[in-house]
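Hi,

Here is the structure I promised to pass on.

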Amino acid sequence: MFVVHMTSAHTRFDTRIFLKECRSLAELGFKVALVVADGLGDATENGIFIADAGASTSRLNRMLRAPRRVFSRAVELDADLYHFHDPELLFVALRLKAMGKKVIFDSHEDVPLQIMSKPYINPKLRFIVSTIYSVIERYIVKKFDYIIAATPSIKQKFAQFLPNVLDVNNYPLLNELAPEEGEAAVKKNQLAYVGGISALRGIIPLVNALDLVEANVELALAGVCSEADTKLTMESLPGWRKVQSLGFVDRAQVRAILKESVAGVVTFLPAPNHNEAQPNKLFEYLSAGIPVIGSNFPLWAEVIESNQCGICVDPHDPASVARAIQFLLTNQDEAARMGSNGRQAVLDKYNWEIEREKLVSVYREVLGEEAC
């Protein structure tokens with residue numbers, strides 16, 4: 001069976017879309033293509049054809065024009081099933097469904113909640129925009145064959161009015177970031193932060209915390225900050241002298257950073273779309289065998305504390321973050337124990353190999369057992 005994944009907002013080698021879902025399906029014998037909109041041209045990687053719909057010049061240009069370009073490339077491919085990943089493609093997917101195609105919506109975020117925290121939307125308009133989107137989403141998704149949710153909370157939202165919904169969690173690939181068997185882990189006095197950087201993701205309190213840590217420490221900051229004001233602020237703080245700003249790094253570099261780090265940091269600030277989120281980086285830190293310093297949201301605390309794999313902190317409070325950093329740097333045997341616990345938790349339950357079977361079960365239901 002021929003399956004096409006579609007995205008207008010993500011990169012062509014997005015971890016969830018390409019590395020996990022597309023590659024898993026290709027390895028299981030599906031013919032797989034991925035439509036992207038990045039301007040890098042058509043290509044074939046790991047047996048997956050990547051069809052480029054062209055880059056956008058701005059966020060607004062992407063939201064208004066990229067869906068039509070993605071639709072055009074998707075129709076050219078004439079697949080049996082279309083699996084799309086962005087809310088701006090809802091109407092495109094509806095057109096594909098009207099053409100008699102099987103369609104799956106992969107909801108990475110609770111979009112109405114996410115809108116409530118968008119910095120580029122006027123705060124006075126966020127509730128209105130969120131409500132309008134929620135009404136549209138609720139109407140349109142009923143037309144699709146299945147909804148895949150990236151977290152249990154997103155699944156619960158859709159399950160209130162849809163029978164065909166399943167959570168396929170964005171857990172890490174088992175061996176992608178883990179040290180090789182027998183490979184010695186030489187640790188630096190280093191913390192790791194991997195991913196997008198923003199004020200809402202707690203970068204300002206984190207940099208302030210570094211200035212309060214008595215032990216020698218450096219933060220390996222791997223990611224891009226798209227907020228100019230936040231970038232200027234964090235670089236002006238005293239704690240910035242302890243930051244190694246690496247910018248965007250590839251997956252091999254991520255592995256190398258985590259291998260050398262004593263702990264990984266994910267101290268998002270409270271927000272409507274954060275409290276029930278499952279940040280990919282949290283589980284990637286565990287997969288690499290290092291403890292997590294994470295926000296004290298109840299859902300996150302359940303993962304971190306029940307598995308004894310890190311320390312929960314008040315993300316608003318630099319002193320709380322600094323105490324956790326100081327403890328792990330000065331108690332590295334305990335840090336290693338927590339890291340080992342986290343790695344075991346990934347082996348037991350927080351891994352993509354388990355989630356892949358759930359993905360395939362959805363495809364079996366939509367396409368029929370004989371097609372899978």
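This is a predicted model: local features need pLDDT of at least 70, side-chain atom pairs count only at pLDDT 80 or more; totals for chains, interfaces and linings use all residues.

Residues are numbered from 1 along each chain as its sequence is written, and side-chain values use heavy atoms, with hydrogens and water left out.

Back to L212, which you'll find in helix α7 (helices are DSSP runs of H or I, at least four residues, and strands are runs of E, at least two, numbered from the N terminus). Setting aside neighbours within four places in sequence, L212 is in contact with P318, A319 and A322 (contact means heavy atoms within 4.5 Å). L212 and I325 are 113 residues apart in sequence, yet 9.7 Å apart in space, C-alpha to C-alpha.

Helix α7 (residues 203-212) also leads us to the strands. Strand β9 (residues 190-194) runs parallel to β10, joined to it by 5 bridges (two strands pair if DSSP finds at least two bridges between them). The chain gets from β9 to β10 through α7, in a right-handed β-α-β crossover (right-handed if, with the strands pointing away from the viewer, the path from the first strand over the helix to the second runs clockwise). V194 has A222 in β10 as its bridge partner.

On to strand β11 (residues 243-245): β10 pairs with β11 in the parallel sense over 3 bridges, and L221 stands opposite S245. Together with helix α8 (residues 228-236), β10 and β11 make a right-handed β-α-β unit. Strand β10 (residues 218-222) has 4 of its 5 residues buried, so the rest of the structure largely encloses it.

Last stop, helix α2 (residues 59-77). Its 19 residues should span 27 Å at 1.5 Å a residue, and the end C-alpha atoms are 26 Å apart, which agrees (the expected span is 1.5 Å times one less than the number of residues). Among its buried residues are F71 and L77.

Cheers

Methods:
Buried means under 20% relative accessible area, exposed over 50%, partly exposed in between (1.4 Å probe, protein chains only).
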